[in-house]
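Okay, quick one from me today.

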Amino acid sequence: MNIKITGTGSYIPNVVKKNTDFNDHNFFNADGSAFKQSNDIIIKKFKAITGIDERRYAEPHLNTSDLGFFAAEKAISDANINPEELDYIIVASNYGDVQHGSIQCDTVPSIASRIKQKLRIKNPNCIAYDLLFGCPGWVQAMIHAQGFIKGGMAKKCLVIGAETLSRVVDSSDRDSMIYSDGSGAAILEINNSEKGILSHESASYTYNEAEYIYFGKTYDKTCNSNTKYIKMHGRKIYEFALNNVPQAMKKCLDKSGVSINNLKKIFIHQANEKMDEAILDRFYKLYNIETPKNIMPMSIHEFGNSSVATIPTLYDLVIKNKFNNHSLIKGDIILFASVGAGMNINAITYQY
């Protein structure tokens, strides 16, 4: 049974937040002490490590479910299907709808239920649910959808990754500059003429790693608030990713039976440019070959890290020829790979 992406869509918010916009922030260390360097130096070092020049934030009147809805509409139109035929709507998201100016995560009803309502789908047999799996959520949701189709429980699935991380960040934490908002969606269904998903691999490391990304208080000790924000142990995540993601990618590719030499593109979660480049180099070293040029599209420079939305957004832009110097032709073998909170990792080998 061949299970294929037949339509894609994405939504990139219009509000642009440049690195220079953080010059007036008061950044602190985790212990509340001020940095010795000026903001100008902090931002330059941040750019050198992450590759981020700017990021996108959702417009104040829009929520995560709105962003997901916009991407879903495009994917449905692209696949040319009747939304009433959808068997599942699976939304990868981690914080629900967070109203502008608020920090409260609203997850009831689920983002998937809200998107189904916005799509005006009447069919009660279209099951809508959210998947909380950190940044690898969209890839994991694709694996879920494939399982439903393979098991005869579905024929058409809508898989969405949507997030508004800008609303759960601590402005006194320099890591807040990493995060952004966005959404991407795909229709997955049976296609007897083309291969589609060839293999997948997933793992959850929790024994020592579960709290590498967590919710914590502001670093600004002058703020007497119990509100919590997204936090991370960056160095631990970097080392974890380099030690585990390349092996997961290799396991996934080897399962597919495809030669490493036939791999055309690798879509890695856009978390950190230096980290992604190091993951790629370690992956190819496992095969004792040099890393090919121009094999890894990078959108983080312009869009930042929108968590579950980075891969589907990037994929949508590439296949629709909206991303410079990167394209795919029918039959190309690609790899999706991601790492994030949990700590979770996963990968999919896919024939376009």
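So, α8 gives the most to the lining of the second largest cavity, three residues. Helices here are DSSP runs of H or I with at least four residues, strands are runs of E with at least two, and both are numbered from the N terminus. By cavity I mean a set of points on a 1 Å grid over the protein atoms alone where a 1.4 Å probe fits but cannot get out, and lining residues have an atom within 4 Å of a point.

This is a predicted model, where local features need pLDDT of at least 70 and side-chain atom pairs need 80 or more, while totals for chains, interfaces and linings use all residues. Numbering starts from 1 along each chain as its sequence is written, and side-chain values use heavy atoms, with hydrogens and water left out.

Back to that second cavity: about 40 Å³ of space, with a volume being what probe spheres set on the points fill, and points joined across faces, edges and corners. Its lining includes W138, H269 and I311. Besides α8, α4 (137-150) gives two or more residues. Seven of the lining residues are nonpolar, four polar and none charged; Ala, Val, Leu, Ile, Met, Phe, Trp, Tyr, Cys and Pro count as nonpolar, Asp, Glu, Lys and Arg as charged, the others, Gly among them, as polar.

And the largest cavity? That holds about 90 Å³. Of its 16 lining residues, I12, D181, F303, S306 and T313 lie nearest the centre. β7 (181-190) and α8 (310-319) each give two or more, with β7 supplying the largest share, three. Here we get five nonpolar, nine polar and two charged.

Methods. 1 Å grid on protein atoms, 1.4 Å probe; cavity = no way out; pocket = protein on both sides within 12 Å on 5 of 7 lines; lining within 4 Å.
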